[in-house]
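Hi everyone, thanks for coming. I'd like to walk you through a structure that may be new to you, so let's bring it up on the screen.

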Amino acid sequence: MVPRSGLPVSSALCRPRARAAPEGKAQGCAVPGTVLLLLAYLAYLALGTGVFWMLESPAARDSSAKFQRDKWELLRNFTCLDGPALDSLIRGIVQAYQSGDIVLGNTTSMGRWEIIGSFFFSVSTITTIGYGNLSPHTMAARLFCIFFALVGIPLNLVVLNHLGRLMQQGVHRCALRLGGVGQDPARARWLVGSGALLSGLLLFLLLPPLLFSHMEGWSYVEGFYFSFITLSTVGFGDYVIGMDPSRRYPLWYKNTVSLWILFGMAWLALIIKLILSLMETPGRSYSCYHHSSRRDFKPRR
């Protein structure tokens, strides 16, 4: 009787210790992992800060110096103008440009707040792109923009999530129809990722710059830059469609670009999700400790 009763007691005492040790070690490894992630995040920001400072700071100083030279040359040529009057004129031009009422030739307005312009502003608001080239000036419009964004941003996320799932399912079905892919999950996953990447690159990043080059007069690199900055919702505002008052834009142009933004953001979100899945490996939660027996190893999902 004694030998039989001793075995369950020892096993009962050993099992909680075997389970508690990995959990304690896994929790202890979570803090250093978070610290390393924050350090990598700060290092990446420091890298971007240094590169942008080295590349853009000389150009910014040259642009400011050139503007001051042109300003003083204008004052020397036109003695009827003084410095404060010229500064007031420049401020008025900047404010007029921000309001969409700049005078170039016979053009007095770029129609930013017409039906199509208002629709494009609504799209840039709920997609959180925010180019910064257009903003409401009346208090009623500003208050409405707050409530419009509170409802529109979650709705936009739901739509993007749904479109992303549809894209993923479509590409996955095409991959499964290839011979022997259904029996190899790793190969199917690779085909899904490469297919989504290549098709999306063609439809959302490589072909649209050709349209922007034709409609806006940009170079292909400028159009490609605008495409990525827009779909990633960075939206600097240095390149915005429909802003050249010397050009006449068709009615379908901004509507087509709005649809491109919607589906392109869904595709880019799918690609970012794939990159995150590659960066965040599932084995990191139990890689800090080792077990000699596979029976005691039970990873938590």
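Let's start with the overall layout. If you follow the chain along its sequence, the pattern reads α-α-α-α-α-α-α-α. In other words, the secondary structure consists of eight helices and zero strands. Please keep in mind that this is a predicted model.

Now a few totals. The protein has 301 residues, and 24% of them count as buried. Its accessible surface comes to about 21,500 Å², with 67% of that belonging to carbon and sulfur atoms. And what about contacts between residues at least 6 apart in sequence? Of those, 57% link residues that are at least 24 apart.

Here is one pair to look at with that in mind. Please find Leu163, which sits in helix H4, residues 139-176. How far is Leu163 from Leu262 in sequence, and how far in space? They are 99 residues apart along the chain, yet their C-alpha atoms are 9.0 Å apart in space. Setting aside neighbours within four places in sequence, Leu163 is in contact with Leu262, Phe263 and Ala266. Is Leu163 buried or exposed? Its relative accessible area is 14%, and because the cut-off for buried is under 20%, Leu163 counts as buried.

Next, let's turn to a pair of helices. Two packed helices are described by the angle between their axes and the distance between those axes. For H7 and helix H8, residues 251-279, the angle is about 75° and the axes are 9 Å apart. That makes H7 roughly perpendicular to H8. Which residues meet there? From H7 we have Phe226, Ser227, Thr230 and Leu231, and from H8 they meet Trp260, Ile261, Gly264, Met265 and Leu268.

Two elements give two or more residues to the patch: helix H5, residues 185-206, and helix H7, residues 220-231. Which of them gives the largest share? That is H5, with three residues.

Phe224 has a relative accessible area of 32%.

Notes
Residues numbered from 1 in each chain as written. Predicted model: local features only at pLDDT ≥ 70, side-chain atom pairs only at ≥ 80, totals over all residues. Heavy atoms only, no water. Helix = DSSP H or I, 4+ residues; strand = E, 2+ residues; numbered from the N terminus. Buried < 20%, exposed > 50% of the residue type's maximum accessible area, 1.4 Å probe, protein only. Contact = heavy atoms within 4.5 Å. Axes fitted to C-alpha atoms, helices over the stretch in contact; angles between N-to-C directions. Parallel < 35°, antiparallel > 145°, perpendicular 65-115°, else oblique. Areas by Shrake-Rupley, 256 points an atom, 1.4 Å probe, with all protein chains shown as cover.
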